[in-house]
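Hi there,

Here is the structure I promised to pass on to you. Have a look at it first, and then read on for my notes.

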Amino acid sequence: MMKSAEVLRLEQVFKSFPATLRGGPPIQILEGIDLSLERSSSIAITGNSGSGKSTLLQISAGLMQCDSGRVWFEEQEISALGDDKLSQLRSHSMGFIFQNSLLLDDFTALENVQIPSMIAGKSEKQAKVLAMEMLTTVGMQDRLHHTSDQLSGGERQRVAIARALVNAPSVIFADEPTGSLDEQNASLVEDLLFSLVQQQQVALMLITHNYSFAQRCDVVYHLHDRKVEVSS
Amino acid sequence: MGLFLRLSTRYAFSSQNRHRSTSVRIALGLALCLFAIVAVLSFMQALQRNQFEDIRTFESFDLQVQLQQSNLEEAQEVAKRIEALDSVSSAFVYADIPVITQAQDGTTVAGRMRAIEAEGRFAEQLNSYRGTIFSEGKLASSYSNSRSIKVGDELKVTLLRKGRQATVIPAQRTLEIGALYYTTSYDFDHTTFLTDLPTLLLLNPDAPLKIGVYTDQAVDGVKHELMGMGFPQASTWREINASLYGAMELEQKMMTLMLFLMVIVVLVHIRNSSRRLLLAKQREIAMLRSMGLTKGGVQLLFVLQALLVAAIGVVLGSLLALAAVALYPNVSNFVYQSMGVHLSLSIRNSELLILALSILVFSMFAAYQGTHRILKVDIMEMFAHDEVS
């Protein structure tokens, strides 16, 4: 069960992937992971490439199923939820920022931020107002009608942040949000992300291999040898 | 619903859509397939209709009544009685006798001599090329034989008798060609020499007389009416040409089979295109799912998109087909030159509707099935798949 302050909790989560060679043993990625995230707090998961950081985030957000263990999100065990409930949870309570600033390429920046609100049940007009506000907050008010390919990497990531926050979620899942940006843009995106997370009192689960970025979180976990440990 | 319509129209044809060309290709493919099916269907139906029309106009008429005697006046009396029926457009006396003719250059034709009181459709559709058809004591030959038989030529006509045995030596006469005619039926033209009834009865007084009947109503009903009047030997054009009608029915079945195969090709095209489009949109689907769109929502979105693309294809295909039929009269001469038939094309609305509905329903089904398959995997796998592809 979850404590009242917790928004996300993982209990004894195991995950393996099929062997790359036929007949080989499955590759164990996560082994008995216990983790929790409190409301309005932030945790960072660091680790080497291929250590399973992204897998851990995806399992936490219900984007991937674990082999065994339990994942609790807002007092609901998400591994037991049906598609409709899980989708509803993603829509209202989760926001995602991916490394490659995955935007809907056929849509403008404004539409990219507007669509999640419409999925959450807001009218087109309401969603548009919210999206414009959010894009103004991230400094993209002059690029509302630009499509993904007309934006720089930093701008795309700012749109992705606006999109993740537009439905006022309780947790933001950020997977290497600055991983593909240059130092200057990475720094800008970092600042923006942390200021908005604090301002909107949203919990943050951050995956990064950038230790200084991770240090800005309340707790830093290090994923090593399939297990997490609190980093010193 | 507004969201789904917005997303589906964007994914279908918007200029901002990166896969717009795929949608355009699908819609064009559907349009061309629909056009091809409708064009083939209307051509084949027109050919068949044309052939049936020729048979009913020239060959055996809508119905015919075999008379027991060869008295022309009595036969004419019977024709008048039949023509008085409301269901009959016209009735007339005629007779056919088998002949072998020999032209002056030695060319022979095994055919028939038909004497007829040309009325109704027969007279309307008969075209005179030279001379006066049905001149007493003269024959009219067809234009299709004009290479060897010309107006003014003397034609040797050998009169044959129907049946298993000729009890007398065949009579041979020489008759002058008084006219050339042609009809739209090459088979009829090639084997038929026309004359008037007195001339034919002079050559063969025992020639069996018949009454030809044209009607605008169902032939079976008219046949029963005639039988009720005391003509048990009344037969419809279908009965008289049973073997030909059977062959044409077989042809129609083969045509249906061929069109069925064409429809299958269209359906396979729809399925493959739909899968291609969905695979290209896999990353988009994963993103929408991560934003909270349900599996049902994704399916609705892509079913709507497929419906939109298919609807545009169907409308385009139907317009192409209708335009082709409307413009066909302008090129019908080329068809006549190569095929020798004047066709009047038409599209049956019910068939077009069935085809269009089939395409729309199958497009929706293919999109539903395609998304169902894609949605089986984890969201993150969808992201990864797109990166690989």
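Predicted model: local features only at pLDDT ≥ 70, side-chain atom pairs only at ≥ 80, totals over all residues.

**Chain A as a whole**

Chain A is built from seven helices and 10 strands. Along the principal axes, its C-alpha atoms fill a box of roughly 50 × 40 × 40 Å. Buried residues make up 48% of the 232 in chain A. If you take the contacts in chain A with a separation of 6 or more, 68% of them join residues 24 or more positions apart.

**A sheet in chain A**

One open sheet in chain A is made of four strands, in the order 2-1-4-5, with antiparallel pairing. Which strands stand at its edges? They are strand 2 (27-38) and strand 5 (76-77) of chain A; each has a single partner strand, so one side of each is left without a neighbour in the sheet. Strand 5 of chain A pairs with strand 4 (residues 68-73) of chain A over two bridges, in the antiparallel sense. Across this pairing, A:Phe73 sits opposite A:Gln76 of strand 5 of chain A.

Strand 1 (residues 6-17) of chain A holds a residue I looked at in more detail, A:Val7. Is A:Val7 buried or exposed? The cut-off for buried is 20 or more other C-beta atoms within 10 Å. A:Val7 has 22 of them within that distance, so it counts as buried. As for A:Gln88, which is 81 residues away from A:Val7 along the chain, the C-alpha atoms of the two are separated by 16 Å.

**Where the chains meet**

Between the chains, 23 residues of chain A are in contact with 19 residues of chain B. On the side of chain A that touches chain B, helix 2 (83-93) and helix 3 of chain A each supply at least two residues. Helix 2 of chain A gives the largest share, six residues. By type, the residues on this side of chain A divide into 11 nonpolar, six polar and six charged.

**Helix 1 of chain B**

Helix 1 (residues 2-13) of chain B has 12 residues, which at 1.5 Å a residue should span 16 Å; the end C-alpha atoms are 17 Å apart, which agrees. Its buried residues are B:Leu3, B:Leu7, B:Ser8, B:Tyr11 and B:Ala12. These cover an arc of only 150° around the axis, which puts them on the same side of helix 1 of chain B. In general, an α-helix has 3.6 residues a turn, so residues three or four places apart point the same way. The buried residues of helix 1 of chain B pack against helix 3 (109-119) of chain A, and also against helix 2 (20-59) and helix 11 (295-339) of chain B.

**Strands in chain B**

Strand 6 (residues 154-159) of chain B runs antiparallel to strand 2 (residues 90-102) of chain B, and four bridges join them. B:Thr101 has B:Val157 of strand 6 as its bridge partner. Strand 6 of chain B also pairs with strand 7 (residues 171-182) of chain B, again antiparallel, over six bridges. There, B:Leu155 has B:Leu175 of strand 7 as its bridge partner.

Best wishes

Methods. Residues numbered from 1 in each chain as written. Chains lettered and ligands numbered in written order. Expected span 1.5 Å × (residues − 1). Buried ≥ 20, exposed ≤ 12 C-beta atoms within 10 Å, placed from the backbone. Arc of directions from axis to C-beta. Contact = placed C-beta atoms within 7 Å. Nonpolar A, V, L, I, M, F, W, Y, C, P; charged D, E, K, R; others polar. Pairing = 2+ DSSP bridges.
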